[in-house]
Amino acid sequence: MLKNIVPLIILLFAGVQIKAQGILKSDTTHLIKEVVVTYQADKLTPVTFQNISGKELKAKSTGQEPSYLLSEAPSITVYSDAGSTQGYSYFRMRGIDQARINISLDGVPLNEPEDQGAYFSNYPDIMNSVSKIQVQRGIGTSKNGVASYGGSVQLFSPNLYDSTYTSIGLGYGSFNSHRIFGEFNSGIKNNKAFYVRASQLYSDGYKYNSSNNSQSVFMSGALIADKSTFKINALVGHQQNQLAWLGVSAALIAQDRRTNANENERDNFTQALIQLQHSWHPNSVSTVQSSIYYTYLNGNNDFNMNSFLGLPSTSELYNYAFRSNLIGILSNYTFSKKSFNWTTGIHGNVYERRHIGSEKTLGQLYKNTGDKNEFSIFTKADYTINKLTLFADIQARYASFNYHGDVPLNKIDWFFINPKAGLSLSVSNRSVLYYSIGRTGREPTRNDMFRGNDNLPADSLGHPVIGNINPEYVIDQELGLRHQLGRINLNLNFYYMSFKNEIVLNGQLGPNGLALTNEVDRSYRTGAELSINYKVNDNIHLINNSSYNYSRIKEQTQTFTPILTPPVIINQEVTYSRKNYLIGLSARYQDRSFINFANSAQVDQYVILNARAQYNIKGFQFGVFVNNITNTKYLNNGYVDTDGTKKYFVQSPTNFYTSVKYTF
């Protein structure tokens with residue numbers, strides 16, 4: 001497939017380069033707008049979404065994992081391995097795990113195709129460079145890469161149209177956490193623009209031996225013409241963690257909440273992404289956007305089998321090493337005239353990931369490779385008649401997996417047709433009602449198929465012992481209201497998601513420590529989500545993001561609640577700003593949730609309070625952040641071990657972070 005994709009890349013970009021020749025002008029005054037990624041929704045799109053601005057991200061960013069910033073949106077839960085905000089953290093949307101959420105940067109998939117996970121820890125401090133985020137809950141609009149099964153998180157690269165600035169930032173906080181970064185944006189000069197940001201982060205972690213040491217660089221540049229723009233994004237990250245992915249029993253937590261069940265385990269990963277974008281506006285109604293991208297991942301992590309089994313550690317130590325290459329293309333054509341908008345596009349990528357398992361004394365134990373390729377095409381349109389907007393979106397997606405190891409496995413193929421339709425009604429200039437229904441399918445991950453093994457096992461006859469290879473499907477219905485009037489901005493929606501063959505976490509870990517899943521015949525998730533921004537006056541601002549979830553799994557004669565799906569989540573924030581300073585107080589309530597299929601074990605409900613204060617003077621911004629100010633002792637994730645022991649993940653007590661940034 002790689003041989004076939006290269007000529008297509010050449011054809012896509014040869015044409016646009018020719019059209020860009022000779023139209024660059026040093027005195028160009030009419031600059032085309034920043035490239036708009038065609039997968040995002042707007043006010044009249046009948047899907048449930050929320051935008052988070054770059055200004056808001058920078059105000060709250062202290063180098064923490066992006067999951068913590070996302071957790072302020074409705075229906076999102078988050079937990080951290082180390083108990084602190086740096087290192088590995090994970091989020092769930094409507095109770096659906098992160099491997100089933102599409103994550104992208106300017107339309108480029110960030111999910112690894114094999115395991116379908118996106119690892120923010122490999123791109124530390126990325127939120128410091130993101131110009132905005134759009135979170136779509138539910139299947140949303142068509143996306144590139146893995147299925148947006150439970151939702152999607154779209155990141156957007158730095159806005160090169162900002163004015164010239166340079167920023168230098170320093171920060172220090174609890175658990176010996178510190179960050180230093182430098183950022184520069186040239187603004188547009190002679191039809192060129194350049195942005196760069198470099199960061200260094202470190203934290204000891206809340207748990208013992210759970211440190212994170214990471215670095216990243218984000219560069220973006222553009223060449224701008226009258227009708228055409230070339231833009232390049234380059235992102236490189238490196239991180240070294242002491243691992244803390246095992247839960248801890250209640251007895252050990254009672255003795256010392258900082259207990260880390262992992263011993264002598266570390267990882268070391270480097271990941272790089274480069275994207276070349278081209279946007280061409282041949283006329284006032286047409287836009288062609290194309291990209292080629294390449295992602296490289298290389299690293300390894302230790303695995304202490306004795307720690308995993310709850311036995312005293314010995315010199316035995318396993319290691320899993322991974323190296324992957326992903327190359328892809330995407331191209332979209334948009335036609336927009338008066339009340340009609342139409343976009344169609346293609347996306348394809350090829351992926352290879354090498355797996356090596358070894359033991360410190362025995363050396364290499366196995367080596368295998370997984371190839372995962374995909375191709376998709378979509379078309380979507382909306383048409384407005386008076387106050388009614390009709391919307392339709394359909395995607396055809398093909399994915400294949402091929403395994404090369406010491407156990408033979410035939411190539412596995414999946415093909416999906418993902419239709420979506422909806423309508424929105426402008427009740428007034430300030431209010432929009434919408435309804436949508438859509439269906440999408442998703443293939444299982446490699447871990448689902450291999451039952452938690454990194455090397456495919458065989459039976460006594462040498463045949464592969466393969467787990468679930470069947471896809472899962474969801475039909476998602478969304479009904480919502482968007483209303484903006486004066487000081488209030490309100491978004492209210494109801495959803496009903498009906499699943500067939502849903503692949504759900506069962507609360508247990510496999511032989512390599514990865515979470516195991518079960519396939520259930522029927523299940524559904526339904527609920528309501530509310531987001532309100534209310535400006536009381538020029539100084540006081542209230543923000544509420546809340547959700548209610550009612551979910552059930554039906555398996556034969558049994559009915560139970562999915563794990564890690566709290567019924568109620570409330571985020572309430574109040575800020576007071578005047579002249580050069582801002583004070584904010586936020587509260588989060590998270591209901592109890594089960595951690596096993598039997599619904600016999602749970603993590604309890606909790607409330608935490610966070611506070612922040614900022615002061616600006618002569619280019620300096622000083623900040624103080626205090627989290628969990630009531631010192632709540634809470635748990636927000638766990639599982640039940642094979643011997644019936646309940647294992648939990650402790651989150652940090654009261655902690656602080658101070659920062660200073662100078663911009664000139």
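**Note on buried salt bridges, cores and a surface patch**

1. Arg-612 is buried, its relative accessible area being 13%, where buried means under 20% relative accessible area, exposed means over 50% and partly exposed lies in between (1.4 Å probe, protein chains only). The model is a predicted one, in which local features need pLDDT of at least 70 and side-chain atom pairs count only at pLDDT 80 or more, while totals for chains, interfaces and linings use all residues. Residues are numbered from 1 along each chain as its sequence is written, and side-chain values use heavy atoms, with hydrogens and water left out.

2. Arg-612 forms a salt bridge with Glu-573, with 3.0 Å between the closest N and O atoms; the term stands for a side-chain nitrogen of Lys or Arg within 4 Å of a carboxyl oxygen of Asp or Glu. Because Glu-573 belongs to strand 27 (residues 568-578) and Arg-612 to strand 31 (residues 606-617), the pair ties together parts that are 39 residues apart in sequence. Glu-573 is likewise buried, with a relative accessible area of 8%. Strands (E, at least two residues) and helices (H or I, at least four) are DSSP runs, numbered from the N terminus.

3. The structure holds 23 salt bridges, and one of them joins Glu-529 to Arg-94, whose closest N and O atoms are 2.9 Å apart. Glu-529 lies in strand 24 (residues 515-535) and Arg-94 in the loop between strand 3 and strand 4, so this pair links parts that are 435 residues apart in sequence. Glu-529 is buried at 1% relative accessibility, and Arg-94 is buried with a relative accessible area of 1%.

4. A further salt bridge connects Asp-125 and Arg-179, with the closest N and O atoms 2.8 Å apart. Since Asp-125 sits in the loop between strand 5 and strand 6, and Arg-179 in strand 9 (residues 177-185), the pair ties together parts 54 residues apart in sequence. Asp-125 is buried at 4% relative accessibility, as is Arg-179 with a relative accessible area of 7%.

5. An open sheet of mixed pairing is formed by 5 strands in the order 1-6-7-4-5, two strands being counted as paired if DSSP finds at least two bridges between them. Its edge strands, each pairing on one side only, are strand 1 (48-53) and strand 5 (108-109). Strand 6 (residues 132-137) and strand 7 (residues 151-156) run antiparallel and share 6 bridges; within this pairing, Arg-137 has Gly-151 of strand 7 as its bridge partner.

6. The largest nonpolar core has 32 residues, of which Phe-91, Ile-133, Val-153 and Leu-155 touch the most other members. Strand 6 and strand 7 are among the elements that give two or more residues to this core, and strand 4 gives the most, with 3 residues. Such a core is a set of buried Ala, Val, Leu, Ile, Met, Phe, Trp, Tyr and Cys residues joined through side-chain atoms within 4.5 Å.

7. Val-47, in the loop between helix 1 (2-20) and strand 1, is buried at 5% relative accessibility. Its C-alpha atom is separated by 9.0 Å from that of Ile-437, although the two residues are 390 residues apart along the chain. Ile-437 in turn belongs to a nonpolar surface patch of about 910 Å², whose other members include Phe-340, Trp-342 and Ile-385. Patches are made of residues with over 30% relative accessible area and no salt bridge, like charges being joined within 9 Å and nonpolar side chains (Val, Leu, Ile, Met, Phe, Trp, Tyr) within 5 Å; accessible areas come from the Shrake-Rupley method with a 1.4 Å probe, and for residues only the protein chains shown count as cover.
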